[in-house]
Amino acid sequence: MDFTLTPEEQAFRDEVRAFLDENLPPEAERTPEFYGTWQKRVREKRWVGFSWPRDVGGGGASIMQQAILKEEMAKRKAPPLGTCFMGLAWVGPAIIEYGTEEQKRRFIPDILDGAYHWCTGYSEPDYGSDLASLQCKAVREGDAYVVNGQKIWTSIAVWSKWIILLVRTSTNPRDKHDGITCLLVPMDSEGITVRPIKNMSGGALFAEVFFDDVRVPVENRLGAEGQGWKVTISALAHERSSIAEVASLMRHLEGLVALARECTRNGRPALHDPSVRRRLARLETRIEAMRTNGLRYLTKQLKGEPLSSETSVNKLQRAALEIEIGDMAVELQGHAGPLTRGASPAKADGHWQHVALAWPEVVIGGGTPNIQRNIIAERILGLPKD
Amino acid sequence: MNFGFTEEQDVLRAEVRKFLDENAPLDEVRKISESAAGHSPEQWRRIAELGWTGLIVPECHGGAGLGAVDLVVLLEETGRTLYPSPLLSTTTAAAALLAAGSDAQRARWLPALAEGAEIGTLAFLEAADRLDAAGVELAGEREADAYVLRGEKCFVPDAGAATLFIVPFRTGPAPEDLALAVVPRGAEGVAAEDFPGMDLTKRIGRLTLDGVRVPADAILGRPGRVWPALARTLDFATAAVTAEAIGAAEGALALTTEYARNRIQFGSPIGRYQAVKHPLAEMYVDIESWKSLCYYAAWALDESPDEAPRYVSMAKAYASEAFARIGIDVIQLHGAVGYTWEFDAHLYLKRSKWVRPMYGDADYHYDRVAALGGL
Ligand SMILES: Cc1cc2nc3c(=O)[nH]c(=O)nc-3n(C[C@H](O)[C@H](O)[C@H](O)COP(=O)(O)OP(=O)(O)OC[C@H]3O[C@@H](n4cnc5c(N)ncnc54)[C@H](O)[C@@H]3O)c2cc1C
């Protein structure tokens, strides 16, 4: 074991630190103008799409450089690198791997520039965990596919310009993964209707998306017909060092400790209560477990071994932590716990109440804990499929 | 950057595993653990020749000169087969000598520990069962330049087998007024025996000191100044227990997974049912997680001592809590056969009962994590 960096890696880290010294003000001083300038600057450095090949406009970074960049950004609580979240996370990687030259030229620069948003049309009302059974249909007619069906839980559909869509192009497949095709569809296409769904926090970040004879030119197909499962799943299994997730959980925990200092139990700060202290220490231990698990995965990647099902370990850890942190924050506030923004006894103007209702975003979105447990049990432990 | 093992460490693991596969499958482990000695003196000689007993002893004192990370490799494997031997205790005694002993004292005792000629142990705990400095109440009476010890150490690992006891005792009223004595089993006034215990593969006993005279040259370090060295030794031992628990828990998981693949009920392997497969997946998540914490703690003990206490405590807290649950789940998932003496499942439950309190349970270590984190 050895955590020392090579001279080149050290030089890169110093470069990042110097950049941050110069370009990143303390959180309280970050104005709207700052965020605009920030995105321009990090784009110039090619730190947006840092892992992508240089010829498509990415940074061509090594795995270690990516880890260093992320680590330094997280330490300084820097804003995200780039604004097109889904484009950067999986649409872009899928296009780079399976797209035509024309598709790369057309989409990649816009994703890097954050010119507009992408959304993800995978889940359907009847097919969530069992995604591979999806039924939204596309029929080839000349040089277009005609799409009919429905997607649901489509995050940020309302303000997205494009959707990456999984459709069924063959109804009689040998197995259900066959016959799925991936299409890239403009959200303003004729026949698309978006109906926002209000979530339990009161927001409406996801939506139902209806497709009624929507014509999609064949040139918008990503990968071959029937290859959609492979195209999208390989992109989902992308990066997994957990650095960003750990940093965000650490911030939550810091806030939780401050809250425990402020809230009282029996007239004393809750932080003096042994059970509160132990719960906080237990959360810290779990977060550190995620961090050190991530270091082992990173090591594996550096040795050229691809990651697979082991990434479900940190997904499960994270799911439990997200739920518990929000829940504890509300519990610590006693009778102010169930009060929300605008109620004076609620701490931090209802921030924690919001956290306590937001966990489904990471716990359910992207594969539920039960599905992660199945993955570990079946693919790692070799138990029979259910 | 590399948070993995070196080629040498992989070789060490393979050698250890080979020896244990050949000499200590579980039926052999049972025989050894049920013997009066609780370990196999014949195998002890052989593992000493293989360098296990002197793994962390410097080469100049006849050891392999390796570190905590190497020890993790060794103990994960001894844990996997619940190997009964005073290896962990002897290594802890060596760690205490390394932390607190003078050059002359190291030269005097370390070679014998490395060769396996002596079986060492750290006799820290007393009846009060406290792991902090105040937990040491055994008083040393000054007599010329020697100390006379009169009292008792409780919960001493491998007390029955040990031939060399490292004994913390009190020299004054302040919590850290402590000194460390090296007490050979043969010294006048020394008596030691094991208690009966659940886990036959791990012995715990009592050391009685009835006016035992410790000459000045057998006092390690300066009286009143040894607590930091002792605390480091305790951290080292804690990491070692946590590492051995990784192997033991992986053994338990492997046994239960195998059973779940083969036991058929309602026409299907029980491992197909999620009420069976999901607890197994959770075991995997927990073992992987305390493994990562333990590896990091071991690395910190070797290379980054300031970070070590916090990671040692996180690893042990996680292990104590998770292994306790694993031990119980393993029995449940086997059904009635898990309750039999003949089937191996209970061996892991009993090991989990030994691991949990050893050098601090989850509450103890979570409290320490909280304190170290400035809460
Ligand atoms: C905030 C949020 C944002 C989302 N954003 C998007 C998006 O942008 N695009 C998109 O396509 N989708 C999105 N989703 C959908 C998400 O991927 C699905 O909700 C998820 O895959 C689960 O599917 P489901 O909701 O249909 O639940 P179901 O699959 O019906 O599951 C219901 C319950 O049954 C359990 N279950 C199901 N199958 C099994 C099994 N085999 N074994 C054991 N338990 C099982 C599940 O664990 C769950 O507890 C989002 C979801 C949320 C909550």
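Student: What area is buried between chain B and chain A?

Tutor: The size of an interface is often given as the accessible area lost when the parts come together. Buried area is the accessible area (1.4 Å probe) that two parts lose on being put together, summed over both. In this predicted model, local features need pLDDT of at least 70 and side-chain atom pairs pLDDT 80 or more, while totals for chains, interfaces and linings use all residues. Carbon and sulfur atoms give 60% of the area buried between the two chains, which is about 4,300 Å².

Student: Which residues of chain B lose the most area to chain A?

Tutor: Residues are numbered from 1 along each chain as written, chains are lettered from A in the order in which they are written, and side-chain values use heavy atoms, without hydrogens and water. Three residues together account for 19% of what the chain B side buries. They are B:Met1, B:Phe3 and B:Leu375.

Student: How many salt bridges cross the interface of chain B and chain A?

Tutor: A salt bridge is a side-chain nitrogen of Lys or Arg within 4 Å of a carboxyl oxygen of Asp or Glu. A:Glu288 and B:Arg310 meet in this way, at 3.1 Å from N to O. Across the interface, the rule finds nine.

Student: Which helix gives the largest share of the side of chain B that touches chain A?

Tutor: Helices are DSSP runs (H or I, at least four residues), numbered from the N terminus. Helices 7, 8, 9 and 11 of chain B each supply at least two residues of that side. The largest share, 16 residues, comes from helix 8 of chain B.
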